[in-house]
Amino acid sequence: MTITAPKHPKRLAACAALALTSATVAAHAAPQEELEARLDALAAQVVELRAQLADLQADRARTAAPPQSAVVSNAGFEAVEAEVKVAWSGYGELNYSRPEDDGSATTADLARFVLGAAYRFDDSTRLVSELEIEHAVSSAEDPGEVEIEQAYIERRFNDRLFGSIGLFLMPVGLLNENHEPTRYYGVFRNLVETAIIPTTWREGGFELQGNTDGGVRWNVGVSTGFNLSKWDATSAESLEEPLGSIHQELALASAGDLATFAAVNYTGIPGLRVGAAVFTGDAGQEQPGFEDNRVTLWEGHARWNPGNWDLSALYSRVRIANTGPVNLTLVGHPALIPEESFGWYVEAAYRLPLHDQKTIAPFARYEVLNTASRVASIGAGLTPDPLDETEALTAGINFEIARGVVLKFDYLQFLHDDRSDRFDLGVGYQF
Amino acid sequence: MSRFDSSPLWPAISIVATVVAPTSVAVAATYLTVEQAQKALFPAADSFAVIHVTLTAEQTRTIVDASGPQAPHGELRGWAAKRGDTIIGHVFVDDVVGREDFITYAVGIGADGKLLPVEILAYRESHGGEIRDKRWLSQFAGRSDPAQLRMRADIKNIAGATLSSEHVTAGVRRILALWTTTLRPLAGGN
């Protein structure tokens with residue numbers, strides 16, 4: 001309801017008084033009946049004016065009264081605008097990492113600084129965007145990168161069905177869509193959801209997402225995919241994150257071949273989440289020398305929160321098809337393309353609530369992964385051996401000092417591996 | 001020629017698109033209205049009277065202490081559910097920010113001070129939509145003390161919808177603290 005208060009009630013009264021004075025002056029020159037008629041008319045006008053004045057005063061009193069539907073007015077609770085047009089968000093993480101056997105490799109890094117803005121065009125249409133700076137400074141001489149992590153239009157068809165178009169996160173694994181530092185244990189993201197699932201993994205395309213009252217969320221979509229012609233065989237680092245080294249992130253992405261994906265998650269039992277996802281698309285991108293190089297990634301995951309416990313497990317496998325002919329052209333280089341890679345982990349954390357919403361959470365995680373568990377045969381003497389499995393144990397503490405701010409400490413030990421074990425310290429935030 | 005049509009997932013996507021897309025066009029944004037939520041919470045009520053509460057500074061402090069940190073809220077509205085002249089409970093409708101946008105939810109408190117299952121009236125963003133799970137919302141039912149609404153210990157977290165579940169839980173805690181501080185005597189409860 002809109003109520004307009006009278007701006008000048010005194011002026012109305014003054015007009016009425018002026019009208020009466022004019023009538024008195026005119027009375028001397030007019031015949032009796034005419035005067036009576038005029039007086040009757042004036043009396044009627046006065047009654048009408050008084051009624052109008054009373055209405056206006058009543059309106060003003062109603063406007064001044066507190067809104068009837070507001071239970072809690074301004075007594076301590078600030079209500080924000082009912083319609084959020086622009087919503088700002090952000091997260092960041094800083095870390096210090098010291099390998100036990102190699103002090104020269106110690107680093108301190110502002111690893112991520114992200115600002116996000118969501119804009120609501122109307123009740124059903126939003127823009128979601130995130131701009132990220134990695135490693136603090138981005139220039140020709142510095143290691144940093146500036147990236148758009150997400151930029152998509154989301155359309156709500158109804159309360160249960162949403163569509164997205166643009167650059168969005170793949171609905172894969174436990175971390176990819178929930179990668180903010182307050183949401184995972186340890187200073188760094190787990191190895192499996194870094195080396196096997198290339199978190200933060202995003203593609204450009206369309207997506208449909210639905211939720212049911214029974215607790216099922218599903219996603220299906222068509223998107224850009226990987227580009228095998230980006231593989232750098234000269235660097236052994238390519239083998240550390242095979243998909244991470246051929247992802248495109250919608251940066252003038254080769255899109256001759258599109259990919260499809262589907263995911264389903266069940267959260268119908270409070271505290272439990274189980275889900276699986278599959279992504280498949282040809283990474284040849286119709287480039288010369290690449291034929292039927294389908295990349296297929298699938299994973300299954302579960303997370304369970306009995307009481308203060310937070311238990312997670314995930315398994316993921318990746319296959320790149322028809323790598324033999326490509327590898328033949330790369331023989332002699334240190335990093336040939338693997339045909340298969342896989343990884344899994346189990347993790348347990350106990351979130352001990354302290355006073356004042358603080359939480360301290362000791363955790364431990366055991367991971368097994370191999371980024372090149374199988375290499376396609378290209379003939380004796382030419383086919384490289386598969387890599388050995390990496391087995392790693394991480395233990396540490398997440399200390400949430402306020403909602404959205406976390407201090408972290410962990411120790412990562414590689415089991416039967418010559419890589420250096422390390423201590424990590426970190427701070428992360430999300431708002 | 002694009003080879004994307006040879007994807008093994010394509011048939012599944014076609015089926016979903018064929019079945020779901022036309023439905024989505026036909027169905028407008030349907031929510032539980034405030035009136036529907038009131039009736040769902042207190043079907044025995046024959047009227048719902050708007051209530052207005054002005055808090056003293058001390059009451060505000062008590063409520064703030066009992067409810068803990070809050071995400072941004074919109075305007076909180078409330079009604080007394082009546083059967084004849086008897087107040088049989090209260091209904092509150094609140095907006096709280098989920099991840100980035102408002103979730104509109106309704107809370108019913110019986111005359112005995114016990115919460116009913118929370119009702120979601122509107123959810124506006126795709127992520128965190130798991131908040132609408134009936135079984136999650138039922139966790140609130142029967143609780144009568146804000147101290148029984150601790151995240152994780154009492155109300156289970158939704159992995160993947162952490163912010164939405166935390167913010168709604170904190171909002172319910174605030175409403176229950178408000179009711180306990182100001183409206184309990186009116187409801188004739190103990």
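Modeller: The model is predicted, with local features taken at pLDDT of at least 70 and side-chain atom pairs at pLDDT 80 or more, while totals for chains, interfaces and linings use all residues. Residues are numbered from 1 along each chain as its sequence is written, and chains are lettered from A and ligands numbered from 1 in the order in which they are written.

Along its sequence, chain B reads α-α-β-α-β-β-β-β-α-α. That amounts to 5 helices and 5 strands, both being DSSP runs numbered from the N terminus (helices H or I with at least four residues, strands E with at least two).

The strands of chain B form an open sheet of 5, in the order S1-S2-S3-S4-S5, and the pairing is antiparallel. Strands count as paired if DSSP finds at least two bridges between them. The edges are taken by S1 (47–50) and S5 (119–123) of chain B; each has a single partner strand, so one side of each has no neighbour in the sheet. From one strand to the next the twist averages 25 degrees, with axes fitted as lines to C-alpha atoms (for helices, over the stretch in contact) and angles taken from 0 to 180 degrees between N-to-C directions.

One of the pairings in this sheet is that of S2 (residues 77–83) with S3 (residues 86–97) of chain B, antiparallel and joined by 7 bridges.

As for burial, 48% of the 190 residues of chain B count as buried; a buried residue has 20 or more other C-beta atoms within 10 Å of its own, an exposed one 12 or fewer, and a partly exposed one lies in between, with C-beta atoms placed from the backbone. Contacts are pairs of residues whose C-beta atoms, also placed from the backbone, lie within 7 Å. Among the contacts in chain B between residues at least 6 apart in sequence, 63% join residues at least 24 apart.

Terms used:
Contact = placed C-beta atoms within 7 Å.
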